[in-house]
Amino acid sequence: MIRYIVRRLLVAVLLLAIISLVTFGIFFLLPRWMGQSTDDLAARYVGREVTPELLAGIKTKLGLDKPFLVQYWDFLKGIFVGTDYKFGTDVSHCPAPCMGYSYRTNQPVLELLLDRAPVTFSIAIGAAVLWLVSGVSIGVLSALRKGSFFDRAAMSVALAGVSLPIFFTGLLSISVVSYNLHLLPSPDYKPFQDNPALWAQNLILPWITLAFLYAALYARLTRAGMLETMGEDYIRTARAKGLKERTVVVRHGLRAALTPIITIFGLDLGLLLGGAVLTEKTYSMQGLGALTLQGISRSDLPVVLGVTIATALFVILANLVVDILYAVADPRVRLS
């Protein structure tokens, strides 16, 4: 088991290095291949009044006048030891781990990510708990009651949940629940450490809206997996041995049906931790998704690069956890 985890850790580190190199190349090497000069790249970081002196200062500060491999090495070195960005007599220090420096806001990218991450994490983790519990539970009950009114009603709602976009259900929930019925306040992030109750109250609508979309998919997948699993020979054998139905369903049926659920849960949660863009935009919440949109609109490449690498990190870590859970759920995976 230890060797299995170590192998997965090494693969995760190698994959993250490759993704960071490719992503860095997309932002700083690909434009040069497309014919852009260093002046064109530097011009993205200045306002409308562009002067040769200002462009030269930006190129020096961000290292745009250096070869690509040197830029990438400086970027990696900054992650471990930090770096200094010089602009004339002004020196901006970016402490380790430095993931770049935003010239637009005059802040280290990591500082911006850490400032916005609590919002995204609160939305993603809260919604993930809701959709995982509700989606799997509904899927199991639907499979055990195949063809019943509950099964048909649940799958109809699940189909609607998969079909309806998040911005539609989000705006509808605000209009009905907050403005018309006044049951909940309009969503707004409040720090957990300040008031946990107010933090949860303001996130209920984003949680439910986001969970409704994902729970529908999880319910359908769980139902399909349970229907296939409950017809296997070992399920009939377990029942013939006199095991309780609850034990048969949970320990034998559900455990085998959870394999695809674990896979997509790791991917979904990893992507959401990198920024729930539509949810944050719908509810006007300033998380990593909103930071990404702001970075794109401002052509703030270090910010977009930082969010991209952070998202890749979350997805890789989520897949690492999924691999470990595979080994726990099915010991045969450790030998593969």
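Which residues form a disulfide, and how far apart are their sulfur atoms? The partners are C94 and C98, with sulfur atoms 2.1 Å apart. Please keep in mind throughout that this is a predicted model.

## The chain as a whole

Let us start with the overall picture. The chain has 336 residues, and 44% of them count as buried. Its secondary structure comprises 14 helices and four strands. Along the principal axes, the C-alpha atoms fill a box of roughly 80 × 55 × 40 Å.

The accessible surface of the chain amounts to about 18200 Å², and carbon and sulfur atoms account for 67% of it. As for contacts, take those in the chain between residues at least 6 apart in sequence: 65% of these join residues at least 24 apart.

## The disulfide and its surroundings

Back to the cysteines. The structure holds one disulfide, and that is the link between C94 and C98. A disulfide is a covalent bond between the sulfur atoms of two cysteines. The link of C94 and C98 is right-handed, with 105 degrees about the S-S bond.

Are the two cysteines buried or exposed? C94 has a relative accessibility of 1% and so counts as buried. C98 is buried too, with a relative accessible area of 2%. Residues count as buried when their relative accessible area is under 20%.

There is also a backbone feature to look at here. A96 and P97 are joined by a cis peptide bond, with omega at about -5 degrees. P97 sits in the loop between β2 (90-94) and β3 (101-102). For context, most peptide bonds are trans.

## Positive phi values

Most residues other than glycine have a negative phi. With a relative accessible area of 61%, H182 is exposed.

S284 also has a positive phi, near 55 degrees. The loop that holds S284 runs between α12 (277-282) and α13 (288-297). At 58% relative accessibility, S284 counts as exposed.

Moving on to α13 itself, its buried residues are L288, G289, A290, L291, T292 and G295. After α13 comes S299, whose phi is positive and near 55 degrees.

## A nonpolar patch on the surface

Which residues make up the nonpolar patch on the surface? The members are V157, L164, F167, F168, L172, V176, L181, L183, F212 and L278, and together they have about 880 Å² of accessible area.

Helix α8 (residues 166-180) supplies the largest share of this patch, four residues. Another member, L181, is found in the loop between α8 and α9 (196-229).

## Aromatic pairs and a cluster

The structure holds ten aromatic pairs. One of them joins F121 and F314: the ring centres are 5.4 Å apart and the planes lie at 75 degrees, so the pair is edge-to-face. F121 belongs to helix α6 (residues 109-144) and F314 to helix α14, so the pair ties together parts that are 193 residues apart in sequence. A pair of aromatic rings is described by the distance of the centres and the angle of the planes.

F314 counts as buried, at 18% relative accessibility.

Elsewhere in the model, F24, F28, F68, Y72 and F75 form one aromatic cluster.

## A318 in helix α14

Our last stop is A318, in helix α14 (residues 301-329). A318 is buried, with a relative accessible area of 14%.

What is A318 in contact with, leaving aside its neighbours within four places in sequence? The contacts are with G266 and G270. As for L271, the C-alpha atoms of A318 and L271 are separated by 9.1 Å, with the two residues 47 residues apart along the chain.

Note on methods: Residues are numbered from 1 along each chain as its sequence is written. This is a predicted model: local features need pLDDT of at least 70, side-chain atom pairs count only at pLDDT 80 or more; totals for chains, interfaces and linings use all residues. Side-chain values use heavy atoms; hydrogens and water are left out. A disulfide is a pair of cysteine sulfur atoms within 2.5 Å. Buried means under 20% relative accessible area, exposed over 50%, partly exposed in between (1.4 Å probe, protein chains only). Patches are made of residues with over 30% relative accessible area and no salt bridge: like charges are joined within 9 Å, nonpolar side chains (Val, Leu, Ile, Met, Phe, Trp, Tyr) within 5 Å. Accessible areas come from the Shrake-Rupley method with a 1.4 Å probe; for residues, only the protein chains shown count as cover. A salt bridge is a side-chain nitrogen of Lys or Arg within 4 Å of a carboxyl oxygen of Asp or Glu. Helices (H or I, at least four residues) and strands (E, at least two) are DSSP runs, numbered from the N terminus. Contact means heavy atoms within 4.5 Å. Rings of Phe, Tyr and Trp (its six-membered ring) pair if their centres lie within 6.5 Å; planes under 30 degrees apart count as stacked, over 60 as edge-to-face and the rest as tilted.
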